[in-house]
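Hi everyone, thanks for making time for this. Let me put the sequence and the model up, and then we can walk through them together.

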Amino acid sequence: MSPLVIEGLRKRFGQGASAREVVAGLDLRLSPGECFALLGPNGAGKTTTLRCALGLTTPSAGRIQLCGRPVPREARAARERVGVVPQMDNLDPDFTCAENLRIYGRYFGLGDAALEARIPDLLAFASLEGKADTKVPALSGGMKRRLTLARALVNQPELLVLDEPTTGLDPQARHLIWERLRRLASEGTTVLLTTHFMDEAERLASRLAIMDAGRILATGTPREVIAAHIEPQVVEVFGDWRGQGAPAWAAAHAQGVCRRFEVSGETAFCYAEDPAPLLAHLAGEPDLRYLHRPANLEDVFLKLTGRELRD
Amino acid sequence: MDSPVEIPSIWRLPRISWRFAAVWRRNFLVWRKLALPSTLGNLADPVIYMFGLGFGIGALVPEVGGVSYIAFLAAGTLCYSAMNSATFEVLYSGFSRMHVQKTWEAIMNAPVELDDIVFAELVWAASKALLSGLAVLAVVGAFGLAQSWQALWIIPLIFLASLAFAGLGLIMTALAPNYDFFMYYFTLFITPMTLLSGVFFPAEQLPPGLAAVAAWLPLTHAVVLARPILLGGEIPSPVLHLAALAGYGVVGFWLALALTRRRLMK
């Protein structure tokens with residue numbers, strides 16, 4: 001059984017002329033045990049999609065089934081089997097780490113004996129063994145995030161939902177979270193996460209979807225998405241060209257030596273199946289500098305969602 | 001496929017499960033960590049007023065309604081301290097949990113509904129008001145200001161009145177953009193009500209226009225019941241006053257829940 005099925009999801013805010021459609025016809029089906037990343041820029045509708053899936057807001061249209069139950073009608077029962085790591089930490093600052101886990105477990109109707117047995121394991125999973133009696137305000141950002149992850153596992157969920165789990169963390173803390181999420185997925189927990197970090201999606205996700213403006217633009221394994229949506233080789237060209245920048249060079253020559261190019265600021269991004277003609281051309285332009293690399297998810301993301309800022 | 005979903009009305013009946021008790025317990029556990037300073041804080045203010053005014057004005061006014069002025073003040077003090085305690089809890093602490101700490105959001109990710117949370121806040125605020133009310137009652141009893149064991153009926157009354165004040169306060173919490181907003185509620189509602197509801201002087205002293213307003217205030221209903229319970233004597237139309245307090249609680253809670261649903265579930 002799929003832990004989460006979403007069909008034709010739409011969510012509008014406001015009415016009449018000021019209405020905005022934040023989710024505009026979204027389909028999603030998770031396979032048990034997979035790690036699925038929902039990738040999109042700020043305002044793409046990722047968080048709203050999660051809120052709908054958890055029954056925290058009523059969709060304008062569509063059908064949602066969470067852990068086999070229709071949502072929002074049976075959302076409460078469905079959430080018994082789901083763990084959630086929210087975008088902003090909302091741990092209880094008045095309590096210690098162990099108390100946070102104990103009190104959260106009670107919201108699932110778990111008994112104290114079961115919780116006492118489980119809390120040391122949860123703290124160990126979060127690498128917070130020595131912190132059982134430490135109050136939340138004394139924890140670092142990474143520790144808070146790990147405690148939030150441990151809290152989301154208090155009910156041994158079938159599906160773990162994480163909204164931007166590593167935003168604001170340092171590399172060490174991110175790697176620890178990734179390692180833990182991989183471990184959970186390998187043990188059979190289905191993981192659904194949103195992110196705008198390409199490396200996070202590429203490292204963690206068995207499948208991903210790129211979404212923008214409330215729609216899914218591409219979906220598949222990271223390799224499939226790259227193969228289907230972009231040329232395999234990228235050459236980033238920058239530096240000086242006859243007293244002008246790389247954009248002037250691109251306007252004059254790029255068309256002839258690569259399949260497609262984009263200009264962003266002072267850099268020209270050239271995409272090609274075979275970069276040899278482009279590299280040969282660049283060998284004759286000593287003032288231009290370049291970086292040749294295989295195409296990655298970020299290239300697909302920027303191609304599909306555009307390069308303009310999202311504020 | 002594009003199946004439209006019926007958006008449930010924010011005015012639908014509350015759906016409350018026993019999980020509300022886990023939320024109540026969470027609030028109780030926070031309180032327990034600071035129980036002594038919290039109770040002393042809630043005790044000091046009303047008791048200082050009671051003794052200050054009781055002895056000071058009591059020296060000028062030998063008797064009010066057949067009892068010493070301080071005995072007259074005792075019942076009003078109990079009600080007004082319960083009102084303040086319940087109101088502060090749902091306004092400031094409730095707003096912290098809802099808006100600042102996002103505690104409600106965390107709880108809603110568990111199998112607990114918003115209805116459970118708002119109900120837990122209502123009952124918790126009344127419980128806390130009762131806890132501090134018991135401390136005031138102990139002082140009142142220790143100074144011989146209660147007439148008999150019948151005075152213990154004041155305990156359920158304090159709880160019911162606190163539910164009413166908590167319900168009304170939760171409406172403000174649901175509407176508040178920030179903490180400053182609550183000043184309006186205190187200045188425009190709580191403070192005038194304290195002065196009009198027979199806490200410090202008999203409400204019959206008021207000019208007819210004000211008396212008519214005062215008769216509708218929840219604190220008036222609480223004080224009218226509390227004074228004969230504490231001092232003995234006949235309770236005038238108890239059913240009416242109990243029903244009025246319950247009504248304020250039910251309507252306040254229902255309206256607050258609708259506004260909170262609109263705020264958080266959109």
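A quick word on counting before we start: helices here are DSSP runs of H or I with at least four residues, strands are E runs of at least two, and both are numbered from the N terminus. Counted that way, chain A has 11 helices and 15 strands. Please keep in mind that this is a predicted model.

Let's stay with chain A for a moment. Its C-alpha atoms fill a box of roughly 75 × 50 × 35 Å along the principal axes. Of the 311 residues in chain A, 53% are buried. If you take contacts in chain A between residues at least 6 apart in sequence, 68% of them join residues at least 24 apart.

Arg63(A) pairs with Glu7(A), with the closest N and O atoms 3.0 Å apart. That ties strand 4 (residues 61-66) of chain A to strand 1 (residues 4-13), across 56 residues. Arg63(A) is partly exposed, at 34% relative accessibility.

Next, Arg207(A) meets Glu34(A) at 2.8 Å, N to O. Here Arg207(A) sits in strand 9 (residues 207-212) of chain A, and Glu34(A) in the loop between strand 2 (20-29) and strand 3 (35-39), 173 residues away. Buried or exposed, where does Glu34(A) fall? With 8% relative accessibility, Glu34(A) counts as buried, while Arg207(A), at 25%, is partly exposed.

Over to chain B, and one helix I'd like you to look at. Helix 6 (residues 154-175) of chain B has 22 residues and spans 32 Å from first C-alpha to last, close to the 32 Å expected. Because 17 of those 22 residues are buried, helix 6 of chain B is largely enclosed by the rest of the structure. Elsewhere in chain B, Glu89(B), Arg97(B), Glu121(B) and Lys128(B) form a salt-bridge network.

Finally, the interface. Chain B and chain A bury about 3000 Å² between them, 51% of it on carbon and sulfur atoms. Lys33(B), Asn109(B) and Pro111(B) supply 21% of the area chain B buries there, more than any other three residues. In all, 34 residues of chain B and 37 of chain A take part in the contact.

How many salt bridges are there between chain B and chain A? The count is 7, and one of them joins Arg26(B) to Asp92(A), with the closest N and O atoms 2.4 Å apart. On the chain B side, helix 1 gives the most, with 7 residues. By class, that side has 17 nonpolar, 5 polar and 12 charged residues.

Notes
Residues are numbered from 1 along each chain as its sequence is written. Chains are lettered from A and ligands numbered from 1 in the order in which they are written. This is a predicted model: local features need pLDDT of at least 70, side-chain atom pairs count only at pLDDT 80 or more; totals for chains, interfaces and linings use all residues. Side-chain values use heavy atoms; hydrogens and water are left out. The expected span of a helix is 1.5 Å times one less than its number of residues. Buried means under 20% relative accessible area, exposed over 50%, partly exposed in between (1.4 Å probe, protein chains only). Contact means heavy atoms within 4.5 Å. Buried area is the accessible area (1.4 Å probe) that two parts lose on being put together, summed over both. A salt bridge is a side-chain nitrogen of Lys or Arg within 4 Å of a carboxyl oxygen of Asp or Glu. Ala, Val, Leu, Ile, Met, Phe, Trp, Tyr, Cys and Pro count as nonpolar, Asp, Glu, Lys and Arg as charged, and the others, Gly among them, as polar.
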